[in-house]
Amino acid sequence: MRVFAFPGQSSCDGDGLRRALRVFPDGRSVLNRGSELLGRDLAARYAGPDGARIESNRDVQLCVFLTNHLYLSALERADADSDLSLGLSLGEYNHLVHIGALSFEAALALVDRRGALYDEGPDGIMAAVGPIDLEELLAVIEAHRGDGVVEVSNQNSPSQHVVGGERVAVERVLAVLEEDCFVLPVRIEDRIAMHTSLFSGVAERFRAALEAAPFVVPRRPYFPNVLGRIVEAPAKSELVEHLVAHVHRPVLFRQSVEHLLDRSPEVLFVEIGPRRVLTNLIRRGFPAAEVLAVDAGEDPLASFETAVERLSSFARAS
């Protein structure tokens, strides 16, 4: 089974979109279409001579979404396909395009609106923690419930998770994890606690945009973050409800990968986006899985061509 894995905003890289354009120069026409839709020059902002100008969460989301999409477009041009796909957090919107539930333009408009609403959301922080199992992490969090909102926002692998919530509460939990559990937290977000209950109001404000979006029944299975399992042929109402919940409920990436590994004895994951965040995560957390990235080093064209060849050889062997 070949699976495209689209990363989220933690993969933001100031040079990522320029590398994608080296692989897929025709991507400039895609950026031009997006610029017409949003009314601003996306290439100048995210692929200029000095790299991306990242000044807001909206910038982060648009830059990563566009980079992911250009790599997907390059693979489609090379006739390199997958059986399934999934995305982590923001990457779910690239997944929706890949499965045919949304057009590129419709998904871009939603990501733009999503980013703007996130920038208006309540203050909070997020940090990746590991190695630690979920039960031990939840016990530490439970002991500090009185300090404020602190929750597991991402279940990424059996030993790597993300915690998010109110600043003081999260910082106290991180201090305990570092001192008592020998866990070294990595701060990944200094202003926004997405995928936590703090963002329930943001989720409801986003609902109107989702309900107005031109969703269609996808031609491939849908893999919502909030379920961690496949949904066949979802109706628009299901897509909307899952994507509303996606804003303020945990990302179940671990469960998603385990679901796929249970379905097939051989799975090839190909990370479709900048950097190698998901590649490293899957390698460490799920050593039985094969995984590679289209953007794996200083020579993006070489790593892309390696991915294309492996997708083809895996398909032939299957």
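**Entry 1: a pair inside α9**

I started with Arg-207, which forms a salt bridge with Glu-204, the closest N and O atoms being 3.0 Å apart. This is a predicted model, so I read every distance here as computed from it. Both residues sit in helix α9 (residues 200-212), and because they are 3 residues apart there, about one helical turn separates them. Arg-207 is buried at a relative accessible area of 18%, since the cut-off for buried is under 20%. Glu-204 is partly exposed, with 44%.

While on charges, I noted a network: salt bridges that share partners join Asp-13, Asp-15, Arg-18, Arg-19 and Asp-295. I then checked the total, and the count comes to 24 salt bridges.

Next I went to Asp-59, which pairs with Arg-45 in a salt bridge whose closest N and O atoms are 2.8 Å apart. The pair links distant parts of the chain, with Asp-59 in helix α4 (residues 57-77) and Arg-45 in helix α3 (residues 42-46), 14 residues apart. Are Asp-59 and Arg-45 buried or exposed? I find both of them buried.

Then I looked at Glu-171 and Arg-187, whose side chains meet in a salt bridge at 3.7 Å, N to O. Glu-171 lies in helix α8 and Arg-187 in strand β6, so this pair ties together parts that are 16 residues apart in sequence. Glu-171 counts as partly exposed at 35% relative accessibility, and Arg-187 is partly exposed too, with a relative accessible area of 38%.

**Entry 2: the antiparallel sheet**

I read an open sheet of 4 strands in the order β4-β5-β3-β6, with antiparallel pairing. The edge strands are β4 (150-155) and β6 (186-189), each of which pairs on one side only. Neighbouring strands are turned by 30° against each other on average, direction ignored.

I went through the pairings one at a time:

- Strand β3 (residues 125-129) is joined to β6 by 3 bridges, and Ala-127 stands opposite Arg-187 in β6.
- β3 is joined to β5 by 5 bridges, with Val-162 in β5 as the bridge partner of Ala-128.
- β4 is joined to β5 by 5 bridges, and Val-150 stands opposite Gly-165 in β5.

A hairpin through 5 residues joins β4 to β5. Helix α8 (residues 167-180), the one that holds Glu-171, lies across β3, β4, β5 (161-165) and β6, running at about 20° to β3.

I wanted to know how many residues of β5 are buried. The answer is 5 of the 5, so the strand is largely enclosed by the rest of the structure. In a regular strand the side chains alternate between the two faces of the sheet. For β5 I see His-161, Val-163 and Gly-165 pointing one way and Val-162 and Gly-164 the other way, and all are buried.

**Entry 3: the parallel sheet**

The other sheet I looked up is also described as open, with 4 strands in the order β2-β1-β7-β8 and parallel pairing. Its edge strands are β2 (84-87) and β8 (290-293), each pairing on one side only. The twist averages 25° from one strand to the next. Strand β1 (residues 2-6) pairs with strand β7 (residues 268-271) over 4 bridges, in the parallel sense. Phe-4 has Val-270 in β7 as its bridge partner. Helix α5 packs on this sheet and touches β1 and β2, its direction making about 155° with that of β2.

**Entry 4: Glu-92 in α5**

I followed α5 (residues 91-98) to Glu-92, which has its place in that helix. Side chains of opposite charge can pair when their charged atoms come close. Glu-92, though, is buried yet has no salt bridge, and the nearest side chain of opposite charge, Arg-114, is 7.8 Å away. Leaving out residues up to four places away in sequence, I list among the contacts of Glu-92 Tyr-222, Phe-223, Pro-224 and His-246.

**Entry 5: Val-23**

Last stop was Val-23, in helix α1 (residues 16-23). Val-23 is buried, with a relative accessible area of 11%. Again not counting residues up to four places away, Val-23 touches Tyr-71, Ala-74, Pro-300, Leu-301 and Phe-304. I also looked up Pro-265, which is 242 residues from Val-23 in sequence and 32 Å from Val-23 in space, C-alpha to C-alpha.

Notes. Residues are numbered from 1 along each chain as its sequence is written. This is a predicted model: local features need pLDDT of at least 70, side-chain atom pairs count only at pLDDT 80 or more; totals for chains, interfaces and linings use all residues. Side-chain values use heavy atoms; hydrogens and water are left out. Two strands pair if DSSP finds at least two bridges between them. Helices (H or I, at least four residues) and strands (E, at least two) are DSSP runs, numbered from the N terminus. Axes are lines fitted to C-alpha atoms, for helices over the stretch in contact, and angles run from 0 to 180 degrees between N-to-C directions. Contact means heavy atoms within 4.5 Å. Buried means under 20% relative accessible area, exposed over 50%, partly exposed in between (1.4 Å probe, protein chains only). Lys and Arg count as positive and Asp and Glu as negative; His and the chain ends are not counted. A salt bridge is a side-chain nitrogen of Lys or Arg within 4 Å of a carboxyl oxygen of Asp or Glu.
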